[in-house]
Amino acid sequence: MTGAADTHCPYCALQCAMQLTPAVSTDASVAAAGGSPVTVSGRDFPTNRGGLCQKGWTSASLLRTPDRLTTPLLRTDGRLRLATWDEALGFVARRLRELRAESGPETVAVFGGGALTNEKAYTLGKFARAVLATPNIDYNGRFCMASAAAGANRTLGIDRGLPFPLEDLGGAQAVLLLGSNVAETMPPSVQHLAGVRAAGGLVVVDPRRSATADLTSDGRGTHVQPVPGTDLVVLLALMHVVLAEGLEDAAYVERRTTGLDDLRRSVASWWPERAEQVSGVPAETLRAVARLLAAASPSSGGAGAYVLTGRGVEQSTQGTATVTAAIDLALLLGLPGRTGSGYGAITGQGNGQGGREHGQKADQLPGYRSIEDDVARAHVAGVWGVDPADLPRSGLPAVELLARLGTPAGPRALLVHGSNIVVSAPDADRVRERIAALDLLVVCDLVPSETALLADVVLPVTQWAEEEGTMTSLEGRVLRRRRALHAPAGVRSELDILADLARRLGSPVRFPTDPAEVFDELARASAGGRADYSGLSHARLDAEPDLFWPCPATPEGEPPHPGTPRLFTRDFPTADGRARLVAVDHTGTVDDVHPGAPVYLVTGRVLAQYQSGAQTRRVPELVRAAPEPLVEIHPLLAERYGIEDGAWVRLDSARGRAVARARVTDAVRIDTVFMAFHWAGEGSVNHLTSDATDPVSGMPGLKVCAVSIEACDNPYDDVSDDGPQERALPTGAGAAA
Ligand SMILES: Nc1nc2c(c(=O)[nH]1)N[C@H]1C(S)=C(S)[C@@H](COP(=O)(O)OP(=O)(O)OC[C@H]3O[C@@H](n4cnc5c(=O)[nH]c(N)nc54)[C@H](O)[C@@H]3O)O[C@H]1N2
Ligand SMILES: Nc1nc2c(c(=O)[nH]1)N[C@H]1C(S)=C(S)[C@@H](COP(=O)(O)OP(=O)(O)OC[C@H]3O[C@@H](n4cnc5c(=O)[nH]c(N)nc54)[C@H](O)[C@@H]3O)O[C@H]1N2
Ligand code: SF4
Ligand SMILES: [Mo]
């Protein structure tokens with residue numbers, strides 16, 4: 001036990017502030033019985049104001065989960081068995097050397113995650129490029145923020161999810177929230193919407209009456225319920241109305257943007273009545289929403305307006321185009337860079353923001369630099385002490401990387417750090433097949449996730465309350481993660497593991513293992529990049545917990561840079577300082593409904609579970625709150641298929657099949673069913689989803705696909721254990737075993 005610690009939640013990008021206090025009894029028997037070693041309390045902070053959601057409150061359970069990994073595991077004769085660190089890392093190093101000698105450096109692929117601290121994400125990218133010399137590194141942010149990033153980069157010149165503090169939303173008169181269910185995915189953030197709700201200006205676009213859409217059910221806001229996958233049409237029509245009715249901020253558009261003529265031409269054909277035919281949203285609603293936003297905009301003397309996007313519109317094969325249109329709309333209304341107004345994408349994972357800045361992306365070096373930029377290569381190579389010519393170029397984006405695993409020309413080894421891909425990746429049955437074709441799968445995790453159970457080597461790592469580091473929140477605020485207790489014996493930090501592997505592979509590159517020292521190196525590597533952290537250090541962040549990047553170093557003797565809570569106040573970080581209006585068009589959903597699969601399946605989240613569920617399916621309170629996947633189905637659709645509430649339903653798509661119980665509710669459209677993706681086994685929705693990707697961002701269209709439905713029998717009837725959780729651990733692998 002190290003004493004009370006001020007830190008942040010282990011889960012989502014809201015990064016609610018919490019205090020961890022050692023529990024009164026630190027008795028080993030209490031720990032072994034699963035008692036929490038710390039108590040969690042909400043801490044006052046601008047984002048959560050002391051609030052936490054159910055996941056945050058129960059997060060201490062993670063620290064004593066009975067099957068916490070505490071020993072490396074090595075597959076021998078088909079079974080995972082306990083191994084020493086020396087044995088496990090020796091084996092990994094030997095196999096990596098052999099495979100590289102046979103098939104070249106590109107044969108080793110690395111898959112990272114947005115749960116990793118900045119220090120770990122940075123070190124992973126460095127390890128891939130400077131030690132393995134492989135271009136093939138990407139991460140689960142490709143499933144999450146890639147389209148938002150691509151859209152923002154090409155229009156605004158930079159990708160910081162919210163380019164303003166979350167609190168700014170408090171004064172808004174209108175907020176257009178597209179495809180985001182913050183009431184379940186970031187509950188404490190909803191308090192920042194109180195003002196706009198009172199003003200009657202909250203507009204939620206979701207094919208489902210989600211908990212967030214329900215915030216408008218007092219009649220004071222608007223729920224727009226489009227056909228799944230048609231949000232781009234809604235946005236094009238909103239812009240059509242803005243331009244047709246002269247509601248744009250002409251002075252701002254003239255002074256701060258380029259590209260109006262092209263944009264005007266591209267939206268000309270999307271008059272509201274035409275958009276209504278495609279999206280099902282009444283033309284009058286489209287007009288009313290456009291006018292509401294315009295009236296709230298600064299140019300009309302309104303109190304301010306925001307356009308915000310979430311995964312509902314981004315996880316689409318036209319996600320980049322949709323984000324682009326959302327930004328175009330915000331620019332037409334003169335919002336970005338104006339006090340009390342703006343555009344933002346709501347980042348998802350704990351370090352989804354920092355995780356996409358420091359080099360675990362296929363095309364990226366630290367500081368949000370491009371790996372194809374020679375100046376950036378020279379700078380980062382200098383920090384790492386390697387020859388820039390030896391750095392690989394861009395690798396494959398996640399979906400393509402996974403699809404090539406174990407194919408004749410594809411990678412033969414995969415290192416996974418912070419993702420449970422067999423549950424969370426699209427078309428997961430195919431991912432499982434590709435993984436089976438690998439020569440080597442190494443998974444670092446805290447728990448035996450479904451992906452870890454398929455590995456040749458599993459390495460147990462430290463988790464949130466056991467480590468020091470930094471996380472960058474959804475608003476670009478750099479936060480300190482602090483240690484409250486020591487990790488169980490046998491567990492090692494990934495910083496340590498990667499340094500050890502580098503040494504075993506004979507690399508001369510230096511890998512610091514002290515998080516503060518790693519941060520200093522990251523800060524140097526980021527200097528001059530778009531995400532410049534060079535003015536930050538752990539010590540400074542400890543003293544000033546309110547710093548947003550960019551925060552460049554200042555010359556000796558000058559005061560430190562104050563950080564940048566609000567971007568674009570004067571100009572945009574583009575060559576000419578102006579934002580670009582980019583014309584886009586609707587191409588439609590790749591896997592659209594057809595007679596063989598007549599129903600839309602949309603996917604997402606529920607409050608009490610997190611992501612692939614690897615963590616939250618191990619927290620008893622959360623399992624009680626959300627024990628299994630449910631197929632949300634409209635009463636009329638259910639009746640047509642003879643499905644009753646609680647009965648089993650089978651869904652089939654061109655990729656696979658999922659089976660789960662029905663929840664009959666009129667919150668979904670009649671043509672649509674909804675499922676969350678937090679579970680493995682028969683009810684895993686990613687058996688069904690397609691791995692078709694957005695052409696710009698490489699992001700898969702996880703949100704919408706076509707399925708057929710049928711009533712069916714309980715798939716677990718013949719199985720003694722009716723849970724889908726796989727249990728294949730050797731005795732002694734977990735903390736309480
Ligand atoms: N409880 C919980 N909270 C989380 C997470 C979690 O797993 N559980 N994960 C975190 C992460 S990584 C992320 S990325 C965020 C995600 O946060 P959100 O984006 O808020 O979450 P989702 O539920 O994935 O999707 C939001 C909504 O999109 C809707 N949707 C589906 N298809 C469409 C469509 O075609 N158009 C529109 N307009 N909407 C559509 C769904 O009905 C859903 O209500 O949440 C973070 N917070
Ligand atoms: N159908 C459908 N599929 C989706 C989505 C959807 O909306 N619909 N959403 C997508 C999105 S937005 C996301 S972000 C992904 C998320 O899905 P995943 O990438 O699977 O994310 P997690 O479940 O958070 O997996 C993180 C794993 O890393 C472990 N872990 C946590 N911290 C650390 C650490 O510091 N080091 C290491 N080595 N391991 C750690 C956890 O125990 C867990 O096993 O899912 C995507 N999949
Ligand atoms: S909203 Fe996110 S950060 Fe806050 S307590 Fe819940 S899971 Fe944790
Ligand atoms: Mo995400």
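Axes here are lines fitted to C-alpha atoms, for helices over the stretch in contact, with angles running from 0 to 180 degrees between N-to-C directions. On that basis, helix H8 (residues 231-244) and helix H14 (residues 319-332) pack at about 20°, their axes 9 Å apart. The model is predicted: local features need pLDDT of at least 70, side-chain atom pairs pLDDT 80 or more, while totals for chains, interfaces and linings use all residues. Residues are numbered from 1 along each chain as its sequence is written.

**Helix pair H8/H14**
- The angle of about 20° makes H8 roughly parallel to H14 (angles under 35 degrees).
- H8 passes H14 in a left-handed crossing (the near helix is turned anticlockwise from the far one by less than a right angle).
- Contact (heavy atoms within 4.5 Å) involves residues of H8 including Leu235, Leu238 and Met239, and residues of H14 including Ala325, Ala326 and Leu329.
- The contact residues divide into 11 nonpolar, 1 polar and 2 charged.

**Cavities**
- The structure holds 11 cavities of 30 Å³ or more.
- A cavity is a set of points on a 1 Å grid, over the protein atoms alone, where a 1.4 Å probe fits but cannot get out.

**Lining of the largest cavity**
- It has 40 lining residues (an atom within 4 Å of a point).
- Ala115, Asn140, Gln349, Gly418 and Gln615 lie nearest the cavity centre.
- Strands S17 (440-445) and S22 (599-604) each supply at least two lining residues; strands are DSSP runs (E, at least two residues).
- The lining divides into 15 nonpolar, 18 polar and 7 charged residues.

Note on methods. Chains lettered and ligands numbered in written order. Heavy atoms only, no water. Helix = DSSP H or I, 4+ residues; strand = E, 2+ residues; numbered from the N terminus. Parallel < 35°, antiparallel > 145°, perpendicular 65-115°, else oblique. Nonpolar A, V, L, I, M, F, W, Y, C, P; charged D, E, K, R; others polar. 1 Å grid on protein atoms, 1.4 Å probe; cavity = no way out; pocket = protein on both sides within 12 Å on 5 of 7 lines; lining within 4 Å. Points joined across faces, edges and corners; volume = space filled by probe spheres on them.
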